Amino acid sequence: MMAKKLVSVTKEGLELPESEEEKKKYEEDKVKYEDLCKVMKDILDKKVQKVAVSNRLESSPCCIVTSEYGWSANMERIMKAQALRDSSTMGYMASKKHLEINPEHSIIRNLRDRIASDKDDKAAKDLIVLLYETSLLTSGFSLDEPQSHADRIFRMIKLGLDIGDDEEDAVTAGPSTSANDVKVEGADDDASRMEEVD
């Protein structure tokens with residue numbers, strides 16, 4: 001009887017049965033998306049160990065997988081909850097994440113085109129970080145900075161609604177109700193009376 005090795009689908013090194021045609025396409029996609037993977041890695045920097053083309057994804061644009069000996073999402077949550085955790089181990093083990101992208105997904109295809117025409121596209125950079133953070137959440141990890149994630153989502157919503165920065169400034173500079181801005185009726189008269197008494 002032949003022994004079967006169990007492999008976690010959330011870790012790197014997952015080998016799925018592929019036809020020769022699928023293998024050839026996968027190799028072509030790796031070359032085609034090489035520049036995008038490099039730009040994504042530069043933007044995400046130390047958040048991920050590497051960005052690579054995936055052959056495991058069907059409907060998602062990307063996913064987080066951990067290296068063979070890295071912590072799973074559940075193990076990372078357990079370690080973060082420990083009172084006497086070793087911060088150096090935390091940093092090292094938590095950084096063993098890989099982002100895998102789906103070359104068949106419309107978001108990834110469009111992102112590749114945007115990056116090809118402008119590597120410094122601010123919206124594309126925001127989208128890359130958003131994709132990474134959303135993949136973290138769907139893979140069961142927690143976000144270190146949920147507020148910056150929320151801010152990025154709001155910027156994307158404004159972009160989708162075609163709201164410019166000047167419109168936002170007009171809204172925030174509108175009528176204020178802060179204590180310093182409230183004018184009390186007759187306050188000037190009271191002040192002049194006080195001066196007279198002095």
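In strand β3, Lys97, Leu99 and Ile101 point one way, while His98 and Glu100 point the other way, and all are buried. Buried stands for under 20% relative accessible area, exposed for over 50%, and partly exposed for values in between (1.4 Å probe, protein chains only). In a regular strand the side chains alternate between the two faces of the sheet. Because five of the five residues of β3 are buried, this strand is largely enclosed by the rest of the structure.

The model is predicted: local features need pLDDT of at least 70, side-chain atom pairs count only at pLDDT 80 or more, and totals for chains, interfaces and linings use all residues. Residues are numbered from 1 along each chain as its sequence is written, and side-chain values use heavy atoms, with hydrogens and water left out. Helices (H or I, at least four residues) and strands (E, at least two) are DSSP runs numbered from the N terminus.

**The sheet**

β3 belongs to an open sheet of three strands in the order β1-β3-β2, with mixed pairing. Two strands count as paired if DSSP finds at least two bridges between them. β1 (50-53) and β2 (62-66) stand at the edges with a single partner strand each, so one side of each has no neighbour in the sheet. On average, neighbouring strands of this sheet are turned by 30° against each other, direction ignored. The table lists the pairings of β3 (residues 97-101).

| Pair | Sense | Bridges |
|---|---|---|
| β1 and β3 | parallel | four bridges |
| β2 and β3 | antiparallel | five bridges |

Within β3, His98 is the bridge partner of Lys50 and also of Val65. Leu99 in β3 is the bridge partner of Val51.

**The helices**

Helix α2 (residues 34-44) lies across β1 and β3 and runs at about 155° to β1. Such angles run from 0 to 180 degrees between N-to-C directions, with axes fitted to C-alpha atoms, for helices over the stretch in contact.

Helix α5 (residues 106-117) has twelve residues, which at 1.5 Å a residue should span 16 Å; its end C-alpha atoms are 17 Å apart, which agrees. The expected span is 1.5 Å times one less than the number of residues.

Which residues of α5 are buried? They are Ile108, Leu111 and Ile115. Seen down the axis of α5, these fall within an arc of 60°, so they line one face of the helix. The arc is taken from the directions from the helix axis to the C-beta atoms. The buried residues of α5 pack against α2, β3 and α6 (122-138), where contact means heavy atoms within 4.5 Å. The face turned away from the buried side of α5 carries the exposed residues Ala116 and Ser117.
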